[in-house]
Amino acid sequence: MDIQLTFPLDHDGFLRRECPHCVRQFKWHHGPANEEAETQPAPAAYHCPLCGKPAGMDSWWTQEQLEYAQGVTIPAATREVEQGLRDAFKGASSKHVRFDCKGGIDAPDVPTPLTEPDDMVIVTSPCHSYEPVKVPEDASRPYHCLVCGEAFTV
């Protein structure tokens, strides 16, 4: 079973992320931000621009993104299970045993798609300028490079 999930980007092409260590949110550019970024190898881990701690690529989902993913996948999985049960008993009736599928499984409603406000400012590290991030305007400095974790101020 494949389920397509899409998460919204802001108007500059940035995706909201959440640090698994400090639990603060920021944004990183979805896809290469420029030609230089296209030629760079992906790091093994990214660093939070707010606290500087590293984490693997799949560790940066926001709580809202995780809840949305769960809200989309559970109804789809429920429908898949129900259809699998109907298919399993289809044609299984005989003159001695009869199978009827009545009613259905109550699947939760699919949540409203997420939206992404333009609520942060772009900062660029001097060491890896090809990976800009967006941080809250009131975030304390220094910031940290997304690629290497080096502290910097703007």
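In what order do the four strands of the open sheet stand, and is their pairing parallel or antiparallel? The model is a predicted one, in which local features need pLDDT of at least 70 and side-chain atom pairs count only at pLDDT 80 or more, while totals for chains, interfaces and linings use all residues. Residues are numbered from 1 along each chain as its sequence is written, and side-chain values use heavy atoms, with hydrogens and water left out.

The four strands follow the order 1-2-6-5, and their pairing is antiparallel. Helices (H or I, at least four residues) and strands (E, at least two) are here DSSP runs numbered from the N terminus, and two strands pair if DSSP finds at least two bridges between them. At the edges of the sheet are strand 1 (14–18) and strand 5 (121–123), each of which pairs on one side only. Neighbouring strands are turned against each other by 35 degrees on average, direction ignored, where the axes are lines fitted to C-alpha atoms and angles run from 0 to 180 degrees between N-to-C directions. Within the sheet, strand 2 (residues 25–29) and strand 6 (residues 133–135) run antiparallel and are joined by two bridges, and Lys27 stands opposite Lys134 in strand 6.

Helix 2 spans residues 63–89 and includes Phe89, which at 35% relative accessibility counts as partly exposed (buried means under 20% relative accessible area, exposed over 50%, and partly exposed in between, with a 1.4 Å probe and protein chains only). Phe89 also belongs to a nonpolar patch on the surface, together with Val81, Leu85, Val97, Phe99 and Ile105, and these residues have about 490 Å² of accessible area together.

In the loop between helix 2 and strand 5 lies Glu116, which is buried at 13% relative accessibility. Its C-alpha atom is separated by 26 Å from that of Pro43, 73 residues apart along the chain.

The cysteines remain to be considered. With a disulfide taken as a pair of cysteine sulfur atoms within 2.5 Å, the count comes to zero. The sulfur of Cys145 has its closest cysteine sulfur in Cys127, but the distance is 3.6 Å and therefore too far for a bond. Cys148 is likewise in no disulfide, since the nearest cysteine sulfur, that of Cys127, is 3.5 Å away. Cys145 counts as buried at 1% relative accessibility, whereas Cys148, at 35%, counts as partly exposed.

Notes
Patches are made of residues with over 30% relative accessible area and no salt bridge: like charges are joined within 9 Å, nonpolar side chains (Val, Leu, Ile, Met, Phe, Trp, Tyr) within 5 Å. Accessible areas come from the Shrake-Rupley method with a 1.4 Å probe; for residues, only the protein chains shown count as cover. A salt bridge is a side-chain nitrogen of Lys or Arg within 4 Å of a carboxyl oxygen of Asp or Glu.
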